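Subject: Structure for you to look at

Hello,

Here is the structure I said I would pass on. Please open it next to this message and follow along; my notes come after it.

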Amino acid sequence: MIIKNRFALILIMMAALTILHSCGSGINYIPNAGNLEINGTVTINYNFTHQVIDGFGGSNAWTRLPEGSTANSLVKLLFSKTEGMGFTILRNRIPFRERLPGDENPSLNDGFVVRNNDHTYSYKEENGIKTFDLNWNSWDIASTRNLIQRIKNLGKDGPEELVIMSSPWTPPNNRVTRWKEDVTGVSTSLNYTMNFTTPDVWGRLKRAHYNDYADLLADYVLNFESRMGHPLSILSVQNEPNWKVQYESAYWSGTDLRDFIKVIANRFPQKGITVGTIGNNAVGIMMPEFENFNINFNNMIKPSLDDPISERAITHIALHQYNGAYDPSSRAGSRAFPEIIESGKRFWQTEVSGSGPNLPTGIGINNALYYARMIHWDMTLAQTNAFLFWWLWTNTRGNTTGSLVITDGNRLIKTHRLYAMGQYSRFIRPGWIRIECDAVPFWGVFSSAYKNPLTKEIAIVIINERHEETNITFNLTEADFDTIDVYRTSENETLTYIGRQRTGANSVNVSLAPMSITTFYGSVK
């Protein structure tokens with residue numbers, strides 16, 4: 001073959017290079033690489049397994065459900081397996097914010113930890129263990145209880161098992177109790193003078209109160225099921241432990257986290273709570289919920305994994321993904337963490353949203369494709385077990401970046417990124433396993449595959465960021481296809497059923513719509 005022009009040569013070289021692009025590779029994504037007229041092949045090894053998937057979901061922190069039937073419609077949209085996204089994980093906030101009369105914005109007072117008239121905390125002490133009084137009608141707690149009940153009202157159409165994880169943004173603190181202190185000896189950018197007119201903002205829990213805080217958290221865990229109507233599965237130690245912000249927050253170093261988790265491992269069993277597992281009278285412990293994947297593993301995570309006491313207590317390692325918008329590669333902030341995988345802990349991405357130079361704005365298909373690609377890389381490169389968005393919904397039409405759904409009176413404004421998550425979450429259920437899958441040899445096309453180990457169900461998710469229709473072939477090894485149904489989200493489709501795909505024994509030829517996320521869900525023989 002004679003190459004007649006330089007542009008054609010460049011296109012052929014690009015096509016050849018993409019053959020090297022396998023799931024989990026570090027090759028950068030070049031968008032809109034042109035109309036490469038090449039058919040791609042995806043090889044899926046049915047018996048080559050990777051991580052177990054725990055589920056998908058998001059947070060209801062600081063939010064209230066809309067009124068009346070709209071609340072039920074919203075819950076069905078998010079958690080129904082047949083009519084919604086099929087989410088199974090709820091991340092709620094433990095409301096420890098305290099403001100006293102005379103503080104800045106004193107109405108910002110959750111009132112969850114009951115105080116005496118002098119604003120000290122109300123508790124009983126026996127054998128050195130404190131039992132704190134908690135107000136389970138605190139507004140954020142009551143909102144979460146309402147949401148949990150509506151999810152459970154879905155019955156068999158709801159989650160197989162709703163998993164609830166709780167995160168504190170700050171330990172309790174006010175200008176009388178002064179559980180927190182100035183952050184010193186860290187770095188210039190993180191040093192901050194405590195302002196006790198905003199005692200929930202920043203600061204560091206005093207080591208003298210580690211036992212008190214562990215006892216308080218134990219009371220939260222111990223009473224959660226009886227007060228909220230559903231067991232708590234996972235307790236996170238701290239939301240974004242070293243992110244200096246002007247809202248509810250607290251600082252923890254890696255050694256702080258290690259030492260406090262050791263206190264939890266000692267104090268929780270004295271109240272009858274087992275740590276290091278999930279189940280009856282047991283709770284998983286999650287850390288560090290760092291703000292992005294650019295974490296220094298040796299500083300923030302390794303100390304807790306190197307200590308045998310804290311290591312046994314930890315069940316989940318969690319990160320947020322706010323570096324994604326600033327990652328110019330295809331990976332949307334994701335990266336491999338072999339140290340986390342080797343630890344044997346569950347690895348969750350527990351919060352992401354927002355905007356940035358590489359994150360398409362708006363609530364349409366361009367934005368949705370970005371988040372689909374993020375999920376793809378988190379599953380295939382980072383090998384996470386769960387993916388959570390920040391807010392499941394918000395009540396403000398002006399916030400188009402922070403939530404999956406925007407409520408406007410009795411109207412639900414549904415973002416395309418909601419359906420991008422749904423292309424995974426409705427089909428890939430808790431307990432499913434990711435299986436080996438080649439990436440399509442195209443720029444802008446990404447693929448991953450999953451199976452139910454207890455049945456013969458299979459799901460293949462393909463993201464096509466190209467602006468043209470793309471033809472591919474699935475080749476399945478170690479099994480034969482039976483039935484395959486097609487569901488798609490594109491510019492004008494939202495998790496739409498397209499129809500049943502004709503299959504061969506172990507080969508399927510499919511066509512991907514431009515700018516789309518497609519799930520091929522079915523079974524093998």
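Glutamate 478 is exposed, with a relative accessible area of 56%; exposed means over 50% relative accessible area, buried under 20%, and partly exposed in between (1.4 Å probe, protein chains only). Glutamate 478 sits in the loop between strand 20 (470-477) and strand 21 (481-490). Helices (H or I, at least four residues) and strands (E, at least two) are DSSP runs, numbered from the N terminus. Glutamate 478 has a positive phi of about 70°, although it is not a glycine.

This is a predicted model, in which local features need pLDDT of at least 70 and side-chain atom pairs count only at pLDDT 80 or more, while totals for chains, interfaces and linings use all residues. Residues are numbered from 1 along each chain as its sequence is written, and side-chain values use heavy atoms, with hydrogens and water left out.

Asparagine 127 is not a glycine either, and its phi is positive, at about 55°. It belongs to the loop between strand 4 (123-126) and strand 5, and it counts as exposed at 74% relative accessibility. Another backbone detail is the cis peptide bond between methionine 287 and proline 288, with omega of about -5°. Proline 288 is part of strand 11 (residues 282-290).

Serine 249 is in the loop between strand 9 (234-236) and helix 5 (254-267), and it is buried, with a relative accessible area of 4%. A polar atom of its side chain lies 2.8 Å from the backbone oxygen of tyrosine 247. Leaving out residues up to four places away in sequence, serine 249 touches Trp169, Thr170, Lys180, Asp200, Val201, Trp202, Gln238 and Trp243; contact means heavy atoms within 4.5 Å.

Serine 138 lies in the loop between strand 5 (129-132) and helix 3 (139-152). It is buried, at 2% relative accessible area, and touches Pro95, Asp110 and Phe112, again not counting residues up to four places away. Serine 143 is in helix 3 and counts as buried at 13% relative accessibility. Its C-alpha is 9.1 Å from that of alanine 61, which is 82 residues away in sequence.

The largest nonpolar core has 113 residues, and Phe56, Phe87, Tyr220 and Phe268 have the most contacts inside it. Such a core is a set of buried Ala, Val, Leu, Ile, Met, Phe, Trp, Tyr and Cys residues joined through side-chain atoms within 4.5 Å. Helix 10 (residues 365-382) gives the most to this core, with 12 residues. A second, separate core of 22 residues includes Val42, Cys437, Ala449 and Val486.

How many residues of helix 11 (residues 416-425) are buried? The count is 10 of the 10, so helix 11 is largely enclosed by the rest of the structure. Phenylalanine 87 touches residues of that stretch, including Leu418, Met421 and Ser425.

Helix 10 and helix 11 pack at an angle of about 35°, with their axes 7 Å apart. Axes are lines fitted to C-alpha atoms, for helices over the stretch in contact, and angles run from 0 to 180 degrees between N-to-C directions. Among the residues making the contact are Ile365, Tyr371 and Ile375 of helix 10 and His416, Ala420 and Tyr424 of helix 11.

Regards

Definitions and conventions
Polar contact = N/O pair within 3.5 Å; in protein donor to acceptor, adjacent residues only side chain to side chain.
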